[in-house]
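Please open the model in your viewer and keep the selection panel at hand.

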Amino acid sequence: MTKPPKSKPLLQDADRPVRSRPRKPRNPAQPNLPLDLIPARIEPCLALLKAKPPKGDDWVFEIKWDGYRMAVHIEPTGVRILTRGGHDWTHRFPAIEQAAKQLPVATAILDGEAVVLDQQGRSDFGLLQQSLGGRGGKKSSSDAIFMAFDLLYFDGHDLRNSELSMRRHLLEDLVLAEGQGDIRLSEEVDADGDTLLRIACEHGLEGIIAKRLDAPYSSGRLGDWVKVKCIQSDSFVIVGYERSTAARAGIGRLLLAARKGKKLVYVGGVGTGFNERNAYELREKLDGLITSTPAAAVDRKGAIFVKPKLIAEIEYRAWTDDGKLRHASYKGLREEQDNADVFRLN
């Protein structure tokens with residue numbers, strides 16, 4: 001996979017192109033702040049899923065990227081790239097590491113997403129996984145780029161208590177808009193949420209993110225960031241599979257479960273989205289986890305149960321009345337180090 005040399009203009013109407021929000025100049029009268037120690041790790045701020053975008057001038061909007069959440073630490077001793085779960089993946093993204101070393105800053109922590117773009121400039125989780133050698137793979141990715149959307153620490157100053165608007169101004173000075181390197185700016189789009197969501201869905205994107213302009217950076221899922229999806233995509237535990245003589249690698253259907261309290265609840269299966277390569281890799285992993293004890297109550301004749309160790313990313317359109325996934329499609333396995341949230345039922 002070759003990186004597109006230049007991102008294509010994804011979000012535009014025929015006669016009204018959607019453009020990045022103009023960058024405001026920095027205030028030279030801003031007082032000097034005392035130096036803060038750089039944190040070894042920061043728990044990420046997570047977006048709360050909503051059905052519709054929020055309204056009001058205190059919200060700004062970005063495209064939702066489909067990849068691995070990462071924090072790029074630029075420190076006196078070098079660069080570290082940490083997963084959402086705090087694992088060091090610097091060696092997995094050598095191009096992003098080199099790009100971070102070239103940024104004009106002594107110390108910084110950038111929040112963002114490692115992605116691989118398709119030929120239309122859309123992030124593709126499957127391509128990212130392939131570039132890393134699949135789940136549990138040891139490959140480094142030369143195709144992945146880092147879409148930076150927040151700046152948490154900058155030249156000796158901890159910015160987490162600052163408003164998003166201030167953090168973004170500093171980030172836009174550090175990572176220029178329309179850059180085409182291995183670290184790029186996830187731009188704020190100057191459009192209302194409903195319009196941006198419509199355009200994003202028309203272009204086959206995953207959805208949008210809304211962020212409150214006056215909010216500090218808060219770890220966890222508190223509602224200052226909101227995500228709205230075009231197509232539902234969530235993580236589910238694989239609790240078994242059904243064999244098929246006609247399907248690739250003999251996997252006819254994966255059996256999936258969500259969390260409800262401390263239990264796993266069966267939510268249906270998925271039998272599409274596999275290619276020849278990931279199907280055989282998946283079958284090998286499943287066969288190493290076969291057990292006689294189901295992790296969730298599954299009434300499927302001939303089902304082969306596995307230990308609930310693998311988490312799959314699944315696209316789906318809706319839920320049936322009896323709590324099963326509709327029109328589900330397999331996207332890939334989540335890495336354990338990514339610390340992905342398994343879907344929780346109310």
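Select Cys-45 to begin: is Cys-45 buried or exposed? Cys-45 is buried, with a relative accessible area of 3%, where buried means under 20% relative accessible area, exposed means over 50% and partly exposed lies in between, for a 1.4 Å probe and protein chains only.

Some ground rules apply throughout. This is a predicted model, in which local features need pLDDT of at least 70 and side-chain atom pairs count only at pLDDT 80 or more, while totals for chains, interfaces and linings use all residues. Residues are numbered from 1 along each chain as its sequence is written, and side-chain values use heavy atoms, with hydrogens and water left out.

Of the 346 residues in the protein, 51% are buried.

**The disulfide**

Now select Cys-201 and Cys-230, which a disulfide joins with an S to S distance of 2.1 Å; a disulfide is counted here as a pair of cysteine sulfur atoms within 2.5 Å, and the structure holds one. Cys-201 lies in helix H4 (residues 193-202) and Cys-230 in the loop between E10 and E11, so the pair ties together parts that are 29 residues apart in sequence. The torsion about the S-S bond is about -95°, so the disulfide is left-handed. Cys-201 is partly exposed at a relative accessible area of 34%, and Cys-230 is also partly exposed, at 24%.

**Helix H1 and the cores**

Move to helix H1 (residues 94-102), where Ala-95, Ile-96, Glu-97, Ala-99 and Ala-100 are buried. The buried residues of H1 pack against strands E3 (68-75), E4 (78-83), E5 (108-115), E6 (145-154) and E8 (183-185).

Then select Val-72, Ile-74, Phe-93, Leu-110, Leu-151 and Ile-183, the residues with the most contacts inside the largest nonpolar core, which has 33 residues. Such a core is a set of buried Ala, Val, Leu, Ile, Met, Phe, Trp, Tyr and Cys residues joined through side-chain atoms within 4.5 Å. The elements that give two or more residues to this core are E3, E4, H1, E5, helix H2 (125-131), E6, helix H3 (164-174) and E8. Another core, of 26 residues, lies apart from it, and among its members are Ile-238, Leu-289, Ala-328 and Phe-343.

**The largest pocket**

For the next stop, display a surface: the largest pocket holds about 1,000 Å³ of space. Of the 36 residues that line this pocket, Ala-47, Arg-221, Lys-227, Asp-234 and Asp-341 are the closest to its centre. On a 1 Å grid over the protein atoms alone, a pocket is an open set of points with protein on both sides within 12 Å along at least five of seven lines, a cavity is a set where a 1.4 Å probe fits but cannot get out, and lining residues have an atom within 4 Å of a point. Strands E1 (48-49), E2 (59-63), E9 (207-212), E10 (225-229) and E11 (232-243) each supply at least two residues of the pocket lining.

**The largest cavity**

Finish with Ile-42, Pro-44, Met-70, Ala-71 and Asp-111, which lie nearest the centre of the largest cavity among its 13 lining residues. E3 gives the most to this lining, with three residues.

How values were computed. Helices (H or I, at least four residues) and strands (E, at least two) are DSSP runs, numbered from the N terminus. Contact means heavy atoms within 4.5 Å. Grid points are joined across faces, edges and corners, and a volume is the space filled by probe spheres set on the points.
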